[in-house]
Amino acid sequence: MARGNKEILANLEQIVGPEYVSNEEADLQPYTWDMTWAEPRMPDYVVMPKTVTEVQRVLRLANHRKIPVIPYCNGTNIGGLCVPEEGGIIMDLKKMDRILKIDPETCYAVIEPGVSHAAFSAALKATNPQWKGEEFSKGFEFGWGVHPPSASVLAMAINHGIGHLNGRLGINSQLMSSMEVVLPTGEVAKIGSCAYSDSWHSFLPLPRMDGLFTGWLGTTGIVTKLGVWIFPIRPYKDVLTIAAASAEDITKYMVRWRHYSLCDEVTAVSWWLAQIPIVFPYSPKPADAPEFFSYTVISGWSQEELDYKRKMWKEVVAKERAKGTKLIDFEYPPEAKKGRTELPSRIVGSTKNYSKSCGGGIAWPGTFAPCKSWPILYEKWKEIYIRHGLSPATRFTDYQGAHYGMLRCMTPFNKRDPASVQAARDAMVECVRAGLPEGMLPYKPPVEYQNELNAVADAGYLYLMTKIKDMLDPNNIMNPGKLGIR
Amino acid sequence: MSHLLKNKELKELAKIYDWVSMCTHCGNCKYGYEYGPTSNFAAMLCVQGDKFNFDSYRGSRGKVSLARSLLHNRIGWSDKVAHVLFTCTSCGACQQMCETDIKPWILRMFETLRYEAWKQNVAIPENIKAWSSTIGTLYNPYKEPHEKRLDWLPSDVKASLPKKAEYIYFAGCTASYRRKQLARATVSLLKKLKVDFTVVADEWCCASPLLRTGQYDLAAKFVEHNKALPEKYGASAFITTCSGCYRTLGRDYTMDAPEGYADKYGKMTGVKVLHTTHLLEEMLNKGEIEFTGSFNKKVTYHDPCHLGRHAEVYETPRNVLKAVPGLQLVEMYRNRKFSFCCGAGGGVRGGFADYSLETAGKRVKEAEATGAELVTSACPFCYTNLADAIELNKSPLKMEDIVEIIEPIVKRK
């Protein structure tokens, strides 16, 4: 069955060619839903532009006719971000898949939205860091997360996705260096150094206008090119592990260790998240099992550097133990170690192995939170989750700089059981509500979380946000319904 | 709640909803990837997605989503639904990439969707409908008379074949009617190697085209008929040069769901199923084959999906090729479990010839990029599509089946 109207369809066909537009429900249906509890919503058209000019023309048409436009690359976010709340045009950007530049001297790359982690990692590994042709190591890397290899590098970065270098370098949006964006009204703007030359190395020292398009969930424009910093691959790596009997103790250890700034990543997962599959529905952990398991990835340019980092880590563990922090030795299974060092992975760690028990539903309260709030919120979340029959499969990950980090709870649920969906949604919204006073903020937030955020936000902040949104998108065509302000 | 099974009229599909609902919609299936410490494999593997682009066509996620949308009554049947379903070559690349619990059921789900489509008033490709209307009486999808099935067989060979033998050489429809030289080469090879085999006039289509296109009811009598052949001819094994027949006889006839169709047609037991390359590898390993000549060419091997991803036979044909004196084997970038389909499978060659040949053309280009002079494979159906694409694209490549390479230069020790 066809949707939309024939005139708009004809216009879209004229812009991108008939083979790259569809208004048939059979083509639209994969864009109606995602991994989360988001209620499926049917778009009216899907369009696949190949060029910036085509993106501009589609946006001009949509703006003129006041049709919603939802930017889409792979649809693998865990937040319902690409579910078209009000129908409209899905702008599927995966045909814009060129890696436009890899600069091995200035260490940045320029990519289009359709570039996958798989393709980008392959290209970076094939490029060697060098200065004026003189190579000094093998291959580059970016911040690789745990996601399907088809996931878009650009979409992940502009939505504050995390990568395996987050302990050393910060989250992926901190690794962006320049961008090109098409505004909802169709104009093209370059932001950062690329606005002045063909060098895409930095946003600084200019006004940070990239902030108008970062973390806005595709509601302010379409980012059509992105410059990102890339980093030489360090040849030596190791994964060090320790467990603890409580969230309090594992946090103490992580806080001390992260102050040294010696690791690429330090993460802890609760007993429930360490199980494969995640225990669903909830059942208690064995009394003698640790509450948290932690791994940290260290890397270096020589064995000596790695040995030094390992020595320092041992000192941290010893010092914490001397203080009375109860840390428990444990060895990570080899497969798990591989999973932490062989990234990007084709294994979707977060979705693997439990779709059988859970009927395919996955969501999380995925948040950034000050580390001192982790143990407090863990205990609150644990109570909420257990009350809803869910396992507190929680993760803490420190981000660069010892300021804050990820706090999230991977939540499988059964999409075929309305009660299971409701319980998961209720639990997660309650967790967000409990976390906001502690400084916790959800990232890639589903609409329900955004409503919670808006309910307690500073009025001036919301006013400014609304003003910016209205200025950039006067007809509110860009991914409407996601910010809860228009 | 929209993920409830509402459309129970789609009975076959509803039966496997437990599995359909396990797809998390993660999108692993949409792109080929494998980690490597110094280089990563990264390439588009989905033939259908490569051509038609939209997520509906790309990987298993689109088709799972389609199945759910139909079962949830969120969309209805349409010609577009049929197009999405019947342009998939069933190559199994998406299944290879999947990491969730639906993985083993993916191909079965595609075939079940097609089964359901036949009951709807939707645009199933005319050519598929055409061969389907005659296969029940002609026993082949090429609309050729059954009596001519053994026309490929030289009369002197025919006269020399035993009535009963250890192996039945199952030539399959493509070799019997369209690529007769492959059937003749196989028989000649088996004779040279002194294999105890026979060829049977009452071989019917293995039912691969029927099963792959979801024609379960029509397939039943084919499976039943062919299953009875070994007992009738005193054979303990089928041997075939066709990867499609190998997959069907070796898995569909003998394995439980989801790998096979024993749940529908019962299980064939006590009968081995070998691909010709299996026999060659075994005899080479035992030192029973002597090469009488060499094959001094650079060759690249195309993995047939039915032998590779469907049956996980990757090294056997390569081991055979590596044993050939003078032959230099070079690999295409997409190989083994990450191979790229020739574009013929799943009824696509019959249903959408242009798209099928366009896909084969992409594979031919990839083969050319290796610097090989010749592309080889282990399937008459792949042979047909690749050879046609070579001709269509005026490629300098030559096409030969492994059997054609081996047959002229071996004898039994």
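Visitor: How many residues of chain B are in contact with chain A, and with how many residues there?

Guide: In this predicted model, 42 residues of chain B are in contact with 50 residues of chain A.

Visitor: Which elements of chain B give two or more residues to that side?

Guide: They are β1 (32-34), α4 (59-71) and α5 (79-86) of chain B. The largest share comes from α4(B), with five residues.

Visitor: And how do the residues on that side of chain B divide into nonpolar, polar and charged?

Guide: The side of chain B that touches chain A has 16 nonpolar, 18 polar and eight charged residues.

Visitor: Let us turn to chain A. How many helices and strands are there?

Guide: Chain A contains 15 helices and 23 strands. Its C-alpha atoms fill a box of roughly 70 × 60 × 45 Å along the principal axes.

Visitor: What radius of gyration does chain A have, and what would a compact globule have?

Guide: Chain A has a radius of gyration of 23 Å. This agrees with the rule for a compact globule, because one with 486 residues would have a value near 23 Å.

Visitor: How much of chain A counts as buried?

Guide: Of its 486 residues, 54% count as buried. As for contacts in chain A with a separation of 6 or more, 70% of them are accounted for by residues 24 or more positions apart.

Visitor: What about the largest nonpolar core: how many residues does it have, and which have the most contacts inside it?

Guide: The largest nonpolar core has 272 residues. Those with the most contacts inside it are A:Val47, A:Met91, A:Val228, B:Tyr169 and B:Leu386. As a general matter, nonpolar side chains tend to be buried together in soluble globular proteins.

Visitor: Take A:Met91, then. Which residues is it in contact with, leaving aside neighbours within four places in sequence?

Guide: A:Met91 is in contact with A:Val47, A:Pro49, A:Val58, A:Val69, A:Ile70, A:Pro71, A:Tyr72 and A:Ile222. One of these partners, A:Val47, is also among the residues with the most contacts inside the core.

Visitor: Where in chain A are there cis peptide bonds to look at?

Guide: A cis peptide bond joins A:Leu204 and A:Pro205, with omega of about 10 degrees. A:Pro205 is in the loop between β11 (188-192) and β12 (222-229) of chain A. The bond from A:Leu343 to A:Pro344 is also cis, and its omega is near -5 degrees. A:Pro344 is in the loop between α10 (334-341) and α11 (355-358) of chain A.

Visitor: Back to chain B. Which domains does its domain assignment give?

Guide: The assignment gives domain 1 (11-118), domain 2 (136-279) and domain 3 (289-412).

Visitor: How far apart are domain 1 and domain 3 of chain B?

Guide: Their C-alpha centres lie 26 Å apart.

Visitor: What does the UniProt annotation cover in chain B?

Guide: An unreviewed UniProt entry carries the annotation "domain: Cysteine-rich" for residues 168-249 and 299-386 of chain B. In the model, residues 168-249 are 57% helix and 10% strand, and the end C-alpha atoms of that span lie 12 Å apart. Residues 299-386 are 40% helix and 11% strand, with end C-alpha atoms 14 Å apart.

Visitor: One last topic: B:His25. What is its phi, and is the residue buried or exposed?

Guide: B:His25 has a positive phi of about 70 degrees although it is not a glycine. The residue is in the loop between α2 (17-20) and β1 of chain B. B:His25 counts as buried because it has 24 C-beta neighbours inside 10 Å, and the cut-off for buried is 20 or more.

Visitor: And B:Lys394: buried or exposed?

Guide: B:Lys394 counts as exposed, with 6 C-beta neighbours inside 10 Å. Its phi is near 50 degrees, a positive value in a residue other than glycine. B:Lys394 is in the loop between α21 (380-392) and β11 (398-401) of chain B.

Notes
Residues numbered from 1 in each chain as written. Chains lettered and ligands numbered in written order. Predicted model: local features only at pLDDT ≥ 70, side-chain atom pairs only at ≥ 80, totals over all residues. Core = buried A, V, L, I, M, F, W, Y, C linked by C-beta atoms within 7 Å. Buried ≥ 20, exposed ≤ 12 C-beta atoms within 10 Å, placed from the backbone. Contact = placed C-beta atoms within 7 Å. Helix = DSSP H or I, 4+ residues; strand = E, 2+ residues; numbered from the N terminus. Nonpolar A, V, L, I, M, F, W, Y, C, P; charged D, E, K, R; others polar. UniProt positions renumbered as here; feature names shortened; annotations may be inferred. Rg over C-alpha atoms; globule rule 2.2 N^0.38 Å. Domains from an automatic or database assignment.
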